[in-house]
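Keep the viewer open as you read.

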Amino acid sequence: MSARTRRLTTAQALVRFLSAQYTERDGVRRRLIAGTWGIFGHGNVAGVGQALVEYADVMPFHQGRNEQSMVHAAVGYARQLNRLSAQAVTTSIGPGATNLVTGAALATINRLPVLLLPGDYFATHSADPLLQQLEHPVEADVSVNDTLRPVSRYFDRITRPEALIPSALQAMRVLADPAETGAVTLALPQDVQAEAYDWPEEFFAERVWSVRRPAPDPVELTAAVEAIRSAERPLIVAGGGVHHSEAEAALKAFVEATGIPVASTQAGKGSLRHDHPADLGGIGHTGTAVSDDLARTADLVIGVGTRYTDFTTASGTLFQHPDVRFLNLNVTGFDAHKLAARTLVCDARTGLEQLLEALSGHRVNENYVAEYRAGKDRWDEVVEAAYRAADDSAVPTQTQVLGALDAAVGDDDVVINAAGSLPGDLHKLWRSRSPRQYHLEYGYSCMGYEIPAGIGVQQAAPGTPVWALVGDGTYLMMPTEIVTAVQEGLPLNIVLIQNHGYASIGGLSEETGGERFGTAYRFRAADGTFTGAPLPVDLAANAASLGMDVLRAKTVRELREALAAARASDRPTCVYVETDPAPTAPPAEAWWDVPVAETASREAAVEARERYDRQVADRRRHL
């Protein structure tokens, strides 16, 4: 080996390379790839697996139980650290690789970095067909890993060792770029993983990727200032980009100077503390009454770091002012141009700071301020009523579970959820006390996300109490990473809510004429109907069998005691509670477009279609 090269296998070179990559923003440096999750099979055990053993001193390894879960854990980790640090995930070929697809889609949709390293077929085709290999009759270079192409922000199959050099650099560039980040896939043929090559020493040198804070274009900034000055009823919609940019303080300064109120998406909740006078809570289908009322009369909607999903816009029916216009501050032009908006393509923090300076003393009318503050006060009373339990010895409702948790957590605790009926209740009712407390994955709304994401958050923020809120439907899909929390010694808290079915979809089914068909966990009778008896399933016992401490709570009082005990524990702990199914959350404040059967013989569907036709008439295209 010459002085300027090092002979390593491709997998060894990749691990060494990853261990020397860093990000830097605002003078703070972090490892870009802080660790690797893995489940080994014949597609990666002798390549990446051997390399991770070889370099265990520089690349921490985490053992997972499900490939999708490993991606969720890595995503939770990256989100907690504002996308400045990420993790890698390695799998075998075949089902191990295709299990990555859901997690990759979640990462890319939410603009969160994760590096995927699935094994692949032999590049030389010396073993052909290989165990678990997909044989395509006309495209021999296709493998199951190609399913990752549409859900990856960057994809390459490394068919020669030297091809890793440019591809690895491109992968790091995408992961570290706030405008491009998401899932990155480097598919690794297993023969190439084990093949040796003389690598240039420069490939292993420490490399720092600067995470940009692009400033707004002066012309766009001038137009944005003019739009804000001319608006009488402006409203800010804060999205996840506020958190990713660490722009919370800049947003606070902006609203305190201008008086413009803030409503938040699921990803943006917590951009302001819940008790800030300008914080109106969630917006859209699951928003608060005060947010949605103001949205209907807003003449200027200022989106900061949001991508405007249909929940946020109430499927195009929320913003009803005849002359409403949009101003979008976003690091990506793709999102900034949505809703035919004026654009301010820049970093959220930089953009807010420059906007505030350019507005130089501008403030909205104080009557408008008094109006939204009065609306906020009224909504606070709604939250108190939903949280309050008249009888501590009663079975708690779901909103009372949230009230008990609200009383138990500290300001910096992290509460994680993703799917079911909880996201709507949380968006309307949760009182966020810090920027990272509210962790809702609602870009993909993926059942099964909560427990592995909790592990990732716990890794990113050691010593921080983390709560994964899961319903019985979510728990049954993906509980296996409980074993990982036990193995890693992570004191993850799970609040497991049993309501015997898919409560959220059951309600939606009823609303759209589906009559709650197939949404409850019940015995099937001989005639094919479902009886009223719930299944004799003990999910608490299941959690205990996987290694958790389990606290069963039957009443509101027992729930409060169990939550306090879980928070004080240094062990993975599950608080199990069966809730009163009676709905206690405030109803939806805005519509959501779920198409209903245009023709049907059943009365429920006919009535649902009539309601749908009335609602859809209010939808508009913002041009």
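Predicted model: local features only at pLDDT ≥ 70, side-chain atom pairs only at ≥ 80, totals over all residues.

Residues are numbered from 1 along each chain as its sequence is written, and side-chain values use heavy atoms, with hydrogens and water left out.

Thr185 sits in strand β9 (residues 183-189). Helices (H or I, at least four residues) and strands (E, at least two) are DSSP runs, numbered from the N terminus. With 0% relative accessibility, Thr185 counts as buried; the cut-offs are under 20% relative accessible area for buried, over 50% for exposed, and partly exposed in between, with a 1.4 Å probe and protein chains only. The side chains of Thr185 and Ser152 are joined by a polar contact of 2.8 Å. Such a contact is a pair of N or O atoms within 3.5 Å; within protein, one must be able to donate a hydrogen and the other to accept it, and residues adjacent in sequence count only if both atoms are side-chain atoms.

Now move to helix α10 (residues 248-258), whose buried residues are Glu248, Ala250, Leu251, Phe254, Val255 and Thr258. Seen down the axis of α10, these fall within an arc of 160 degrees, so they line one face of the helix; the arc is that of the directions from the helix axis to the C-beta atoms. Their cover includes α8 (218-230), β12 (234-238), α9 (240-244), β13 (262-264) and α13 (348-359). After α10 comes Gly259, with a positive phi near 80 degrees.

Which residues touch the most other members of the largest nonpolar core? Of its 79 residues, they are Ile228, Ile236, Leu251, Phe254, Leu355, Trp467 and Leu469. A nonpolar core is a set of buried Ala, Val, Leu, Ile, Met, Phe, Trp, Tyr and Cys residues joined through side-chain atoms within 4.5 Å. Helix α14 (residues 366-387) gives this core its largest share, seven residues. Apart from it lies another core, of 45 residues, including Val75, Ala104, Ala107 and Ala540.

In α22 (residues 556-568), Val556, Leu559, Ala562, Leu563 and Ala566 are buried. Viewed down the axis of α22, its buried residues fall within an arc of 115 degrees, so they line one face of the helix. In helix α17 (residues 450-460), eleven of the eleven residues are buried, so α17 is largely enclosed by the rest of the structure.

The loops hold some backbone details too. A cis peptide bond, with omega about 0 degrees, joins Asp128 and Pro129, and Pro129 lies in the loop between β7 (114-120) and β8 (154-157). Gln132 is found in the loop between β7 and β8 and has a positive phi of about 75 degrees although it is not a glycine.

Finally, step back to the whole chain: its secondary structure comes to 23 helices and 25 strands. Buried residues make up 56% of the 623 residues.

Key:
Contact = heavy atoms within 4.5 Å. Expected span 1.5 Å × (residues − 1).
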